[in-house]
Amino acid sequence: MDNPFDRPRTLPLTGLRVVEFTHMVMGPTCGMVLADMGAEVIKVEPIDGDRTRHLLGSGAGFFPMFNRNKKSMAIDLHTPEGAEVARKLAASADVVAENFKPGTMRKYGLDYASLSQVNERLIYVSHKGFLPGPYEHRVALDEVVQMMGGLAYMTGRPGDPLRAGSSVNDIMGGMFGAIGTLGALIQRGITNKGQEVQSALFENNVFLVGQHMLQYAITGQPAAPMPDRISAWGIYDVFTVKDGEQIFLAAVSDQQWATFCDALGFADLKGQPQYATNNQRVQARPVLMAALRERLATRPAAELAALFERVALPFAPIRKPEELFDDEHLLATGGLADITLPDGARAGQTAQTTLCPFTMDGQRLGVRLQPPTLGQHTAELLGGLGYDAENIKRLQAVSAVR
């Protein structure tokens, strides 16, 4: 039998050059997706480096997570020499990606209007807080758009808006930038012309809550925050069981309800007509859930997990992020990959990172290049732009590049 892991592998974007003027999470996510698929992605950083190299707390993992498979070139765009290098580099690109405030790139001749005059095949991907309109000049952050876009309201309890526990809009906004780039590449193959692609945090967030907007349009009832929602399913919740452990259990169809009752020995519940259909169980949920919580309180979480796996019912242990490093499925399927940390107290040490959550030709997209140290590839890239050794040394001496 053919083994896909034994085949020579050419990644789909091999030969594509992407130059990214990005920082934080949104723009770097777009570049990472393209890099994972084989593109040569050149990360242009300020002389003192992307700020995420040295963030603390919840930002400590940003740089190594979103900048693998990239090259780093450090440029001072505020100097004429640095700006000239940046324009030459951008002119060599198939794709330019950026996520700075509106108008920033224009100051350096690095906006789409300027660069497309040099290369009409250029695809230019802008990642902003808002698409063009009344809000476009506002400063946006993931948390800002979660609050104004309904996601924090839906995540928290009533009266207590709560941001989601990950940079969901930044990451998805970068992914949509990558999706737009792929579409533009296909169209360029037909028309031989590039285009500008725009992705934005606020619009991404509105897309995420679109299901709740449509819920209101259909039912006429405002969507309640998720902790206080009227569930669409009779059994779909976290249960506190023996020794205070918690486990998520679900039964989302009538067949699953029957299996649920049979597996747990709840024949009396299965036989009650008021629980016969999912919608009836939703209507009777307060009474039904109280009964189930009492009955399951003495059952060990591990026992319930094994039982639900055996009878093919939905279940989930309640995990912390650090526990996923030991997840048997991720370890068995290659969902984690080793990287070398480029910065901080643990620079040079090995850690594991998560890979893009899809396969191509039966394989995950792996790590070809470690997250780069600051300016690691500057001299190499300058040479590729035609600068000789003397000019490279001169540029580095005036601190325009390093």
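Student: What are the ground rules for the numbering and the values?

Tutor: Residues are numbered from 1 along each chain as its sequence is written, and side-chain values use heavy atoms, with hydrogens and water left out. Since the model is predicted, local features need pLDDT of at least 70 and side-chain atom pairs count only at pLDDT 80 or more, while totals for chains, interfaces and linings use all residues.

Student: Why is S199 called buried?

Tutor: Buried means under 20% relative accessible area, exposed over 50%, and partly exposed in between, with a 1.4 Å probe and protein chains only. S199 has a relative accessible area of 7%, and is therefore buried. S199 lies in strand β6 (residues 196-200), where helices (H or I, at least four residues) and strands (E, at least two) are DSSP runs numbered from the N terminus.

Student: Which residues does S199 touch?

Tutor: With residues up to four places away in sequence not counted, S199 touches M26, S126, H127, K128, L131, G173, F176 and G177, contact meaning heavy atoms within 4.5 Å. M26 is itself one of the buried residues of α1.

Student: What makes helix α1 mostly covered?

Tutor: Eleven of the eleven residues of α1 (residues 26-36) are buried, among them P28, C30 and L34. After α1 comes G38, whose phi is positive, near 110°.

Student: Why is A347 called partly exposed?

Tutor: The relative accessible area of A347 is 41%, so A347 falls in the partly exposed class. A347 is in the loop between β10 (336-340) and β11 (350-354), and, leaving aside residues up to four places away in sequence, A347 touches L341 and P342.

Student: Why are α7 and α8 called roughly perpendicular?

Tutor: Axes are lines fitted to C-alpha atoms, for helices over the stretch in contact, and angles run from 0 to 180 degrees between N-to-C directions. Angles under 35 degrees count as roughly parallel, over 145 as roughly antiparallel, 65 to 115 as roughly perpendicular and the rest as oblique. Helix α7 (residues 168-191) and helix α8 (residues 201-208) pack at about 100°, with their axes 9 Å apart, and α7 and α8 are therefore roughly perpendicular to each other.

Student: Which residues meet there, and how do they divide by class?

Tutor: V168, N169, D170, M172, G173 and F176 of α7 meet L201, N204, N205, F207 and L208 of α8. The residues of this contact divide into six nonpolar, four polar and one charged, where Ala, Val, Leu, Ile, Met, Phe, Trp, Tyr, Cys and Pro count as nonpolar, Asp, Glu, Lys and Arg as charged, and the others, Gly among them, as polar.

Student: Why are α8 and α9 called oblique?

Tutor: α8 and helix α9 (residues 210-219) pack at about 50°, with their axes 4 Å apart, and α8 and α9 are therefore oblique to each other. V206, F207 and L208 of α8 make the contact with G210, Q211 and M213 of α9, and these residues divide into four nonpolar, two polar and no charged.

Student: What makes α10 and α14 oblique as well?

Tutor: The axes of helix α10 (residues 254-264) and α14 come within 11 Å and cross at roughly 130°, and the two helices are therefore oblique. F260, A263 and L264 in α10 meet L304, L307 and F308 in α14, a contact with six nonpolar, no polar and no charged residues.

Student: Which residues of α10 are buried, and what covers them?

Tutor: Q256, W257, A258, F260, C261 and L264 are buried in α10, and what covers the buried residues includes β7, β8, α11 (267-270), α12 (278-283), α13 and α14.

Student: What makes β7 and β9 edge strands?

Tutor: Two strands pair if DSSP finds at least two bridges between them. Three strands form an open antiparallel sheet in the order β7-β8-β9, and the edge strands, β7 (235-240) and β9 (315-317), each pair on one side only.

Student: How do you know that β7 and β8 are paired?

Tutor: β7 and strand β8 (residues 246-251) pair in the antiparallel sense over six bridges, and V238 stands opposite F248 in β8. Helix α13 (residues 285-296) lies across β7 and β8, running at about 40° to β7.
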